[in-house]
Amino acid sequence: MAAKISFSIQSPGGSRTLSVIHERKGRGEPLLLLHGIGHHWQAWEPVMDILAAEREVIAIDLPGFGASPALPEGVSYDLTTVGSILGSLCEALEIDRPHVAGNSLGGLLALELGREKLVRSVTALSPAGFWSEGERRYAFGTLLTMRRAAQSMPLPLIKGLSRSAAGRAALVSTIYARPGRRSPEAAVAETLALREATGFHQTLAAGRGILFTDDVPDVPVTIGWGARDRLLLRRQGVRAKHAIPAARLVRLPGCGHVPMNDDPALVARVILDGSR
């Protein structure tokens, strides 16, 4: 059962209280899991039990996504601010320098935590921020189209589409290479998460100027990229390797932008290998 934790953050207006929803299970060294824009912690469900056999796994809803409330008014969704908030969250959860794995936006945040030496290791799956300007516009345009589509569909239509493999493909094939493997309940839930994400537009606006070009020294980094990623094209993985020369770059055959459901065993192995 997901739980809520509240903690204090510093903002231009002074100390503010923020709440974050998280799911925590397993034993071992802590592993923080960060989802992508418009998603929620349940994106990690296909791999959580595998990971929890060796790690204490903490999957969170980022502020403004899933069941976590938006950031307080006046607090920015920029990379530095959200990275600092995640550091404060780790303190509140009493996990000292966890391993971290992130997907898309979560991968970018994971690299930021690594750059700030707040984590023991980083596994970034199709991380944002290694795009050309044209690739960024394409990705943002696709995300906005997905968001508008989710907002335009009434709930009975979403539920109806989820009942067939073809319907689930219509709902989630942009992010999954094998959308038919997603359960009807999961397809409905993540469509609603995208539709209702209060931090979506602020996060997208903050990402317009982001280009991750810094190295992440002294922290082991693994970068995984789905061979069938349709949102952030896999050539961006080569740029990531150039920016972080010591990183291990891993191809994920048969996987899309959110690879955890496409091949749970492979993704779990990549994360566990990266955190050893």
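1. Buried means under 20% relative accessible area, exposed over 50% and partly exposed in between, with a 1.4 Å probe and protein chains only. Helices (H or I, at least four residues) and strands (E, at least two) are DSSP runs numbered from the N terminus. The model is predicted: local features need pLDDT of at least 70 and side-chain atom pairs count only at pLDDT 80 or more, while totals for chains, interfaces and linings use all residues. Residues are numbered from 1 along each chain as its sequence is written, and side-chain values use heavy atoms, with hydrogens and water left out.

2. Helix H6: Gly167, Arg168, Leu171 and Val172 are buried. Viewed down the axis of H6, these buried residues fall within an arc of 110°, so they line one face of the helix; the arc is taken from the directions from the helix axis to the C-beta atoms. Ala166 and Ala170 are exposed, on the face of H6 turned away from its buried side. As background, an α-helix has 3.6 residues a turn, so residues three or four places apart point the same way.

3. Aromatic pairs: there are two in the structure. Rings of Phe, Tyr and Trp (its six-membered ring) pair if their centres lie within 6.5 Å; planes under 30 degrees apart count as stacked, over 60 as edge-to-face and the rest as tilted. Phe130 and Phe212 form a tilted pair, 5.6 Å centre to centre with 55° between the planes. This pair links distant parts of the chain, 82 residues apart: Phe130 is in the loop between strand E6 (122–125) and helix H4 (133–152), and Phe212 in the loop between helix H8 (200–207) and strand E7 (221–226). Phe130 counts as buried at 2% relative accessibility, and Phe212 counts as buried at 4%.

4. The ring centres of Trp131 and Phe140 are 5.4 Å apart and their planes are at 90°, so this pair is edge-to-face. Both Trp131 and Phe140 are buried. The charged end of Arg136 sits over the ring of Phe140, 4.8 Å from its centre (the criterion is NZ of Lys or CZ of Arg within 6 Å of the ring centre and within 35 degrees of the ring normal).

5. Largest pocket: a pocket is an open set of points on a 1 Å grid over the protein atoms alone, where a 1.4 Å probe fits, with protein on both sides within 12 Å along at least five of seven lines; lining residues have an atom within 4 Å of a point. The largest pocket is lined by 46 residues, and Gly36, Ile37, Gly38, Leu143 and Leu194 lie nearest its centre. H4 gives the most to this lining, with seven residues.
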